Amino acid sequence: MRQARADRLEAAARAVEYAALQLFELRGFDVVTVDDIAAAARISVRTFYRYFPAKDDVLRAVVRRRAQAVATALATRPADEAPMRSVRQAVQDVVAAEDSAEVARWVQVVEASLYATRVMLGVSILEFNGVLAEFLGTRLGKAPDDLEPAMLAVAAGAIILAAQTRWYLLGGDLAVTISDALTVIDTVVLGGAGASE
């Protein structure tokens, strides 16, 4: 019963996200208000705030969803696998399951607004890179905020964002583009263990 309620809330939040995305595409992130999103989603402003504390959190939800999916995928990787190979494969699997057309729409919205870009960069560093640092710290026998796992997470996160932008501009398969980009770091970490696998 609890899961059914969580599923309903998730579906409702995603519907609000979808309405917001359409407005952001049409008018631009900076000028769309919470009132606009609520009206488009046919909910009250009060209901909007049940799902999202602020308009920015509509953007943050996209990153958080990917971060949670990557954390789940990393938990299933073999314990003896090279750490960066695990990261590369987990991210590739998660991104391959995403709707690439929807990802492209979000990238377009974010790139059209300096403020939205800053929001996405900030949440990527805090949420997504945190997931990577936690995993890498565990694999390397270190704390997530130790230099090696923290810097590897930042490097991998930046590569993923850069690869996503490259894909948006040049096309192709997003999951493969990100995986190929992560191979760059994979070949220089821990002597390139797992890079050619």
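Q: Which residues does F24 touch, not counting residues up to four places away in sequence?

A: The model discussed here is a predicted one. In it, F24 touches F29, V32, I37, K55, V58, W106 and V109, with residues up to four places away in sequence left out of the list.

Q: How does one read the buried side of a helix, and which residues of α2 are buried?

A: A residue counts as buried when its relative accessible area is under 20%. In α2, the buried residues are V34, I37 and A38. Viewed down the axis of α2, these buried residues fall within an arc of 100°, so they line one face of the helix. The cover over the buried residues of α2 includes α1 and α3 (45–51).

Q: What follows α2 in the chain?

A: The helix is followed by R42, whose phi is positive, near 60°.

Q: Is N129 buried or exposed?

A: N129, a residue of helix α7, has a relative accessible area of 7% and is therefore buried. Beyond the residues up to four places away in sequence, N129 touches S124, A153, V154 and G157.

Q: Where is G157 found, and what does G157 contact beyond its neighbours within four places in sequence?

A: G157 is found in helix α8. Its relative accessible area is 5%, so G157 is buried. Its contacts, with neighbours within four places in sequence left aside, are N129 and L132.

Q: Is T177 buried or exposed?

A: T177 has its place in helix α9 and counts as buried, at 17% relative accessibility. With neighbours within four places in sequence left aside, T177 is in contact with A163, W167 and G171.

Q: Which residues form a nonpolar patch on the surface?

A: L147, M151 and V154 form such a patch, and together they have about 300 Å² of accessible area. M151 lies in helix α8; because its relative accessibility is 46%, M151 counts as partly exposed.

Q: With which side chain does that of E127 meet in a salt bridge?

A: The side chain of E127 meets that of R64, at 3.0 Å from N to O. E127 lies in helix α7 and R64 in helix α4, so this pair ties together parts that are 63 residues apart in sequence. E127 is partly exposed, with a relative accessible area of 28%, and R64 counts as partly exposed at 30%.

Q: With which other residues is R64 linked in a network of salt bridges?

A: The network links R64 with D57, R60 and E127. Within it, the side chains of R64 and D57 meet at 3.5 Å, N to O. D57 counts as buried, at 10% relative accessibility.

Q: Which side chain meets that of R66 in a salt bridge?

A: The partner is E98, at 2.7 Å from N to O. R66 lies in helix α4, whereas E98 lies in the loop between α5 and α6, so the pair ties together parts that are 32 residues apart in sequence. R66 is buried, with a relative accessible area of 12%, while E98 counts as partly exposed at 25%.

Definitions and conventions. Residues numbered from 1 in each chain as written. Predicted model: local features only at pLDDT ≥ 70, side-chain atom pairs only at ≥ 80, totals over all residues. Heavy atoms only, no water. Contact = heavy atoms within 4.5 Å. Patch = residues over 30% accessible without salt bridge, like charges linked within 9 Å, V, L, I, M, F, W, Y side chains within 5 Å. Areas by Shrake-Rupley, 256 points an atom, 1.4 Å probe, with all protein chains shown as cover. Salt bridge = Lys/Arg side-chain N within 4 Å of Asp/Glu carboxyl O. Helix = DSSP H or I, 4+ residues; strand = E, 2+ residues; numbered from the N terminus. Buried < 20%, exposed > 50% of the residue type's maximum accessible area, 1.4 Å probe, protein only. Arc of directions from axis to C-beta.
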